[in-house]
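I opened my notebook to look up a few things in this structure.

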Amino acid sequence: MTVPPTHQLHSTAGAAAASAAVEASFDVVVIGAGHAGTEAAVAAARSGASVALITGALEQIGQLSCNPAIGGIAKGTVVREVDALGGIMARATDLASVQFRMLNRGKGPAVWAPRAQCDRGLYRRAVRQLLEAQPNLVTVQGMVARLLFDASGQRISGVETLEGRRFGARAVVLTTGTFGRGKMHIGTGTQISGGRAGEASSVLLGEQLDALGLTTERFKTGTPPRIDGRSVRTNDLELQHSEIEQFDYSWSHFWTTPRAALIDGARRTRHPAQMPCWLTMLDEAGTSIIATHLAESAMYGGAIASRGPRYCPSVEDKVVKFPDKAQHQLFLEPEGHDTSELYVNGLSTSLPAPVQLAILRSVRGLENVRMTRAGYAIEYDYYPPTQLSSTLASRAVHGLYFAGQVNGTTGYEEAAGQGVIAGLNAARWVQEREPVILGRETSYIGVLIDDLVTRGVDEPYRLFTSRSEFRLTVRQDNALARLGEIADGLGLLAPDEQAQMGIRLGAVREAYALAERTSMTPTVADPLLLAVGSAPLLHAVRAIELTRRQDVSLQVLFAAAGVGDDLPVDAVVGAELEIKYERYFEKERNRANRLKAQGSVSLPESLDYEAMTTISIEARQKLTRIRPATLAQAGQIPGISPADLQNLLMELRRTLPE
């Protein structure tokens, strides 16, 4: 790496002084304590590294900056994957959940999606509690101003804060979210420098990264206004209650907390009291106000040029892009038990505050509402992720890793998934151990990172089930089965966690075995016949055969046979899915094995793709720019055809020695 002169002066002339002034040294320093940063810190610490997590405000660790909810379509699966890898997002959610819904229950199990509404304050405190219980991890308040390098200028040696505090580090994980030169917009006339309302943005660090040669782009996101729930006429709105009060996001409910208790004979989380949400509509009166004031919006008035998330659009975008749509749903979601404030989901906007209030008061049930906080849009730096390897390490700066919105993604869950991989690999790089790369066939985290580093982003990236070609076998209910052994092999699980994992996975295997050995002989009068929709059976049939029928529940069969009372419900459901769809699963697993075989074919960093004339020009250019690590990763790059892959394999055999 060639270091520009301005940085060289800082890193070499002051190298001796910097080393003398270091307050403390760590294997890994994580910059930023949002969802990516907290998971990166935990993953690195669980890997045996000493870790410092540096953030601008300790009280804001784990802050739910926008929507006070965790999970959703594909995102809920990521939460459970993070949990299987030893992360804390699911655990904190269980300690703070005030409403739960399983989305997509009317569809197949591949797209079932858990989503939990959280008490914002409880979630933040739970994250901090879980962090401070983690050995090898300390938290530090401060705004990182610059990276420090060793005397050669080639390798990171630490960080320095605005206060002048210096911390040694052998690797750094950057997870600054929207704080990288963040600028908030309310209308066209109000612009506030900051990464979040009331919190300063980071400027100096961004300037240094520019000087180091990293490509920087800008994205925008937004947040809706908040309102005083006491001023809402909830009787006029549609009420939504929690679906399941005793749902646990995390598999590992063995830790000691004030909210842990023995429930139904097992240690489970005692959730806070559940709270309702309300549904209302933005109709023609509100959309007319928006259309009239569109030129005053920061987005449409010219104050913002950056692209925003397509799948979480501002209300201005909805009105402009869907002019014939008469109504738009709004969900009023509680912020927590200690406040009457409600989050207006669906009304993200950068219109002036008086206009926002007028829009709110045009909505049924909100005619006399009090707005507690105005919504705003925010522009921020991100670093196109094709500059990263599959470990989320920078190709330009040795020892620097990126995770979260700085990679062009949107969403807490996507950030958390990246944080685990970046923190894990930063620790393993320091320890001189093999990196960890999850394949697309293993997880949504694998899909997310593979998409980022091979395809890049031209808008804030959001996960969907449609992005995974293995969504039948990569589900929210089997995350522990998919990733638990990987986590255990990497040393991420404590002994009590290993034991708990064995119990959980053993219960699913036992439920499957019980279905195989349980025989039943239904009679004409047996109500079970109505469930299976078949002719009377005069001979014994195994429960596993009956379960394969369309509308038959394994739980109902076990109850009818008087067996399986001691098995957890989620274990029986998991076994039922494996039984009911095993033929489809087998086909998908075969495809996954083929992709895994391709993934074992490594592509050295030094390959001269331009010399491979059997490959198309477009393929040569993209392979040279992206530098995929494996043949499987090369196959995910848009514009790389099957013929290109075949020719690449032949060129590889010709170029490399046996």
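I looked up Asp450 and found 9% relative accessibility, so Asp450 counts as buried (under 20% is buried, over 50% exposed, partly exposed in between, with a 1.4 Å probe and protein chains only). This is a predicted model, where local features need pLDDT of at least 70, side-chain atom pairs count only at pLDDT 80 or more, and totals for chains, interfaces and linings use all residues. Residues are numbered from 1 along each chain as its sequence is written, and side-chain values use heavy atoms, leaving out hydrogens and water.

Next I checked the partner: Asp450 forms a salt bridge with Arg440, 3.0 Å from N to O (a Lys or Arg side-chain nitrogen within 4 Å of an Asp or Glu carboxyl oxygen). Arg440 sits in the loop between helix H11 (412-430) and helix H12 (444-455), and Asp450 in helix H12, so the pair ties together parts 10 residues apart in sequence (helices are DSSP runs of H or I, at least four residues; strands are runs of E, at least two; numbering starts at the N terminus). Arg440 is buried too, at 6% relative accessibility.

Arg504 counts as partly exposed at 23% relative accessibility.

How many salt bridges does the count come to? I got 40.
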